[in-house]
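Work through the exercises below with the model in view. Try each task before reading its solution.

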Amino acid sequence: MRQQIHSSIRLVLVCVMMITMTTSVFVSNLVWVLLLANWVAEWNWRQKFAHFSHQYLLQAFLVLLGVHLLWLLGTHNIAYALFDIQKKLPLFLIPLVLLTSPPPTQHQQRFIAFFYITTVLVVSFIGFARYLLIPDLPYRELVPYISHIRFGLNVSMAVCILCYCAIKYRAPWLYGLNTLLVLWFLFFLALLHAYTAFAILIVTSLVLSLAYGKRLQPVVRRATTCAVIVLVVGAAGLSGYYCYDYYHLKPLSTAPLKPLTPNGNPYLHRQDGLIENGNYVHHYVSEHEMRVAWAKLSQYPFDSITPVGYTVYPALLRYLNGMGLTKDSLGMTHLTPSDVAAIEKGIANPVYLQRSPRKLIYVMCYEYENYRCYRSVKNFTMLQRLELWRNGAKVLLQHPILGVGTGDVVDACQQQMLQSQSPLADSGLHTHNQYLNFALAFGLLGLLVIVFFFVRAIRLTHSFRSVLFAAFLCILLISFLTEDTLETLAGILFASLGWCLTCHNPQQS
């Protein structure tokens, strides 16, 4: 009776954590502490220790904790190291609780999955409502409770669970319902600009179709293969087309340059080669005429700061360029009231008003152009990551074997960026890559120890028998490439709960 009560409490707390993982940091912290307290109160230590002997996954998590503690010996910033370990406690303690307790039954697993998907769905509805009700709300703030990137990981996992259930149970009503939910989630990912999540879903679909395609019925296998091929080829073809459209020079940029505006004022033609929307951004510029014409179109001062942190002038310059117009009084006559309103908000390209993949490709191309012409990386998402990785690699080359210690990654990266005079030296950023973060902290030796024990756990528990585990692992490992996933509670809960609940458990064998 006592064990049943504690088991029921554990199930309830896990379900609550699946809800709060994407909705509340405070309650999530409270729930995992209660989960630990329930585990202690259960008191069946002999059974717990018996489970530990064959819980290779738990051993891997404890090795990860041990590496964090052992590498304190090489740390100078002890305060930050202890803070880092404290922050990661759920990553070690949740597996300790779940993997030394009786695993959930299949019915309980479906119950947990229902709460998880329902919560992700409700949060997406809340985000959509905020999009409709709050004008000009930045896409990063659509979801109020969690980073849009971390929420994208949860949406990706929810999509994988829905597809798995539709294929496994084969009920027509379930197939139809899950298809609608998947389409909704894909729509919301586009609304959220979570293009990393789209890339994760494409790669995960490709990996799973290659690894598990033989398990499917021939019709389903062919349909899945065709869908993956269409996604990959479509994404590659669409990206290539948009890149070509971005760089293909328009007539204004191929004709001989004119020295004077129609009003007789001299043009400025800066030969820096910066291209956007098929035109040279700094050709055909008459700032004086733009300033005079702007005063007639808007009450917003020409030199005032827009909501994105820049003055009107660069936004107006790029907006006219994006429309293929000269940057003078003649070009200004083509601006509509909606164009003026967009520029006042700091929107610098008419394409940015679209909610389509074209916007993503154009943003990335413009970031690359700024790096090509000016070596500029600040405020550019992908280029910032490349700059952080470059500086992180320099630190790693200086400490390749043992790293810099558990608490010194941030300090070492900041010092390296100051030495290399990086534009991100004052940003407070460090790696934006979980693999690099671990390599910097623990060196290649520590990283190999961690990888060895997790690979060992996967092999000995035959975890790849579970398609959901393979999907989860793909999502997690791909996220490690561009994010410090394990540096936030949302990422830690996603990793620890996802791994414990989807892997093959030897207690079930």
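Two residues are in contact when heavy atoms of theirs lie within 4.5 Å. The model used here is predicted.

**Exercise 1. Find what share of the contacts joins residues at least 24 apart in sequence.**

Step 1: Keep the contacts between residues at least 6 apart in sequence. Step 2: Among these, take the ones that join residues at least 24 apart; they make up 72%.

**Exercise 2. Describe the overall build of the protein: how many helices and strands are there, and what does the C-alpha trace span?**

Step 1: Count the elements. The protein has 22 helices and two strands. Step 2: Follow the principal axes. The C-alpha trace spans about 90 × 60 × 40 Å. Step 3: Turn to burial. The protein has 509 residues, and 48% of them count as buried.

**Exercise 3. Characterize the surface and the charges.**

Step 1: Take the accessible surface, about 24,500 Å². Carbon and sulfur atoms hold 69% of that surface. Step 2: Locate the charges. There are 36 positive and 22 negative ones, and their mean positions lie 16 Å apart.

**Exercise 4. Which residues make the nonpolar surface patch of about 540 Å², and which helix gives the most to it?**

Step 1: List the members: Leu206, Leu210, Ile229, Leu231, Val232 and Val233. Step 2: Assign helices. H10 (195-212) and H11 (218-247) each supply at least two residues. H11 gives the most, with four residues.

**Exercise 5. Is Val233 buried or exposed?**

Step 1: Val233 lies in helix H11. Step 2: Read its relative accessible area, 53%. Step 3: Exposed means over 50%, so Val233 is exposed.

Note on methods: Residues numbered from 1 in each chain as written. Predicted model: local features only at pLDDT ≥ 70, side-chain atom pairs only at ≥ 80, totals over all residues. Heavy atoms only, no water. Buried < 20%, exposed > 50% of the residue type's maximum accessible area, 1.4 Å probe, protein only. Areas by Shrake-Rupley, 256 points an atom, 1.4 Å probe, with all protein chains shown as cover. Lys, Arg positive; Asp, Glu negative; His and termini not counted. Charge placed at Lys NZ, Arg CZ, Asp CG, Glu CD. Patch = residues over 30% accessible without salt bridge, like charges linked within 9 Å, V, L, I, M, F, W, Y side chains within 5 Å. Salt bridge = Lys/Arg side-chain N within 4 Å of Asp/Glu carboxyl O.
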